[in-house]
Amino acid sequence: MTSQPLLTVDDLWISYDRIAAVRGVSFAVQEGDIVTLIGANGAGKSTILRALSGLLPVSQGTVLFAGQDLLSLPAHRRTQAGIAHVPEGRGIFGNLTVLENLRLAAYARRDAQIEADLEEVFRLFPRLAERRRQWGNTLSGGEQQMLAVGRALMSRARLLLLDEPSMGLAPMLVREIFRVIRRLNKAGATILLVEQNARLALEIAHQAYILETGRIVLAGPSRTLQDHPQVREAYLGV
Amino acid sequence: MLQVLGQNVLNALQLGSVYALIALGYAMVYGILTMINFAHGDIFMVGAYLSLAAAVFLLGLPFKAPLPFVFVGALLFSMFLTALLGVTVERLAYRPLRQAPRVSAVITALGVGLFLENFTLAMLGPQPRHFPGLIPMQPWNIFGLTLTPLQVLIILLAALLMVLLDLLIRRTLLGMAMRAISYNRPIVPLMGVPVDRVISLTFAVGSAIAAAGGLLYGLAYPVLDPYMGIRIGWWAFIAAVVGGIGNIRGAMLGGYILGFVEIFTPVLLPASTYRDFVAFSLLLLLLVFKPTGLLGRPMFERV
């Protein structure tokens, strides 16, 4: 095990209109791991990601990212610090072309590697290369998901927050997206994955946390959780 | 007959250029914040006065400054300070209301407009100010049309500014950020874009362009008064709506259309007093039959 986790979340509380949606959640993400948060609708998974990237305010708790206090940064600074959030619904800008969506994601970068990274994204997703001049809102759901992941790569993120990447996609595309996620991880990206598709998520992840109504009820290596009777019954349907 | 028509087309292009420059400010702010900045006409007025101040100062220098230098100096001075004014207004008056209902921001904008009018009135008094001529007036004769250097300057400079703005919005990273904000603002910070700064820059650019319009207007119609921004602001606002509010190219088109309405109404109808009636009727008809304007709002989404 490495010494210092890349991300440490400690006693995180998040409320909507004074109703606590996330109640004292703590977890850690080691550099190089895929960590998944699993839970039913409304368990607070997406809420946690949104709070980490700065889209939602946090009521209480601390978050350390690469040794710095994440919660003191505004959202755009967190992206610059190395966190890329692929939000639920993907958040593609329909009035920007595929290429523009990718370039915008490198907004804060001033280095010379941007063009090389663009080529890398197009190599990873040849479909996007074919459609680079098309408007974002002409893409299919799968292509939008690829573009959303591509944007995360353009920001040179150290940590990818992926919110339901499988949602609304045909099974074949889901497989493809998960293949890419695994490939990115092999190439060095650390990934925090939120999924309703627990089977796939547990297959791909190193560590998993099970959330119920805003609390972590189970945690451990995914292999162990895959065989846990409670998980098998509630999330894997066996 | 053909000559009268041609002459009026030139006049309409000249006036339409100014309307288009001001309409752009309404369109940009609406595009990025879905808010109608009713103070924009008064920002144009302040821009006109700032150009006047710079021109008078430069003309009064002990050495005789060449007129092109005075013109460029007045243009840059007023564009810069008016941009600053636009940014300040946004920072102090609109940003605190970012999460408030939209009607609050609109009422605030009306208040800012009243403030600018009355501040100018208090500082300078109600008497109109005369704008000095900076551009030679001797006309050229081309195909029986009289064309003044000033007309050419207004039409070309306005066109140049519009082309530059169009390039800014379509080709630069800043333009992409502006379009992204108009499409889905909450997501934009996830791209590492500082949204507040982009909004500030939008106000800066829109106000600077209005200041250029103020200088050109002052040269063409050389009487300034603190309330000049009201009527011209309304006309430019109609222009922006006619083109499709929030749509940059629509605002340009709408500006020229309103220029033609203003110039051709007295030609076709008995008196020039009909021009506001015609302009607002046009607006009403358009809102009934094509509520999203000529180029439409869907285009604005792709500015």
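Two residues are in contact if their C-beta atoms, placed from the backbone, lie within 7 Å. Keep that rule handy for the exercises below.

This is a predicted model, where local features need pLDDT of at least 70, side-chain atom pairs count only at pLDDT 80 or more, and totals for chains, interfaces and linings use all residues. Residues are numbered from 1 along each chain as its sequence is written, while chains are lettered from A and ligands numbered from 1 in the order in which they are written.

**Exercise 1. The overall build of chain B**

Task: Describe chain B by its helices and strands, its radius of gyration and its contacts.

Solution: 
- Step 1. Start with the elements: helices (H or I, at least four residues) and strands (E, at least two) are DSSP runs, numbered from the N terminus. Chain B has eleven helices and four strands.
- Step 2. Now the radius of gyration, which is taken over C-alpha atoms; the globule rule to check it against is 2.2 Å times the number of residues to the power 0.38. For the 303 residues of chain B the rule gives 19 Å, and the radius of gyration is 19 Å, so chain B is as compact as a globular protein of that length.
- Step 3. Along the principal axes, the C-alpha atoms of chain B fill a box of roughly 55 × 50 × 35 Å.
- Step 4. Take the contacts in chain B between residues at least 6 apart in sequence: 77% of them join residues at least 24 apart.

**Exercise 2. Now chain A**

Solution: 
- Step 1. The C-alpha trace of chain A spans about 45 × 40 × 40 Å along its principal axes.
- Step 2. For burial, count other C-beta atoms (placed from the backbone) within 10 Å of a residue's own: 20 or more is buried, 12 or fewer is exposed, and in between is partly exposed. In chain A, 45% of the 238 residues count as buried.

**Exercise 3. Two helices side by side**

Task: How do the axes of α5 and α7 of chain B cross, and which residues make the contact?

Solution: 
- Step 1. Axes are lines fitted to C-alpha atoms, for helices over the stretch in contact, and angles run from 0 to 180 degrees between N-to-C directions. Helix α5 (residues 149-171) and helix α7 (residues 195-220) of chain B have axes that come within 10 Å and cross at roughly 175°.
- Step 2. Classify the angle: under 35 degrees is roughly parallel, over 145 roughly antiparallel, 65 to 115 roughly perpendicular, and the rest oblique. Helices α5(B) and α7(B) are therefore roughly antiparallel to each other.
- Step 3. From α5(B) the contact uses B:Leu150, B:Ile154, B:Leu157, B:Ala158, B:Leu161 and B:Leu165, and from α7(B) it uses B:Ile209, B:Ala212, B:Leu216, B:Leu219 and B:Ala220.
- Step 4. Sort them by class: Ala, Val, Leu, Ile, Met, Phe, Trp, Tyr, Cys and Pro count as nonpolar, Asp, Glu, Lys and Arg as charged, and the others, Gly among them, as polar. That contact has eleven nonpolar, no polar and no charged residues.

**Exercise 4. A serine in a helix**

Task: Is B:Ser78 buried or exposed, and which residues does it touch?

Solution: 
- Step 1. Find B:Ser78 in helix α3 (residues 67-94) of chain B.
- Step 2. B:Ser78 is buried, because 27 other C-beta atoms lie within 10 Å.
- Step 3. Leave aside its neighbours within four places in sequence, and the contacts of B:Ser78 are B:Gly47, B:Leu50, B:Ser51, B:Ala54, B:Ala211, B:Gly214 and B:Leu215.

**Exercise 5. Positive phi**

Task: Where in chain A are A:Ala66 and A:Arg90?

Solution: 
- Step 1. Most residues other than glycine have a negative phi.
- Step 2. A:Ala66 is not a glycine, yet its phi is positive, about 50°. A:Ala66 sits in the loop between β4 (60-65) and β5 (68-69) of chain A, and counts as partly exposed with 15 C-beta neighbours inside 10 Å.
- Step 3. A:Arg90 has a positive phi too, near 75°. Look for A:Arg90 in the loop between β6 (83-86) and α3 (98-105) of chain A; with 23 other C-beta atoms within 10 Å, A:Arg90 is buried.
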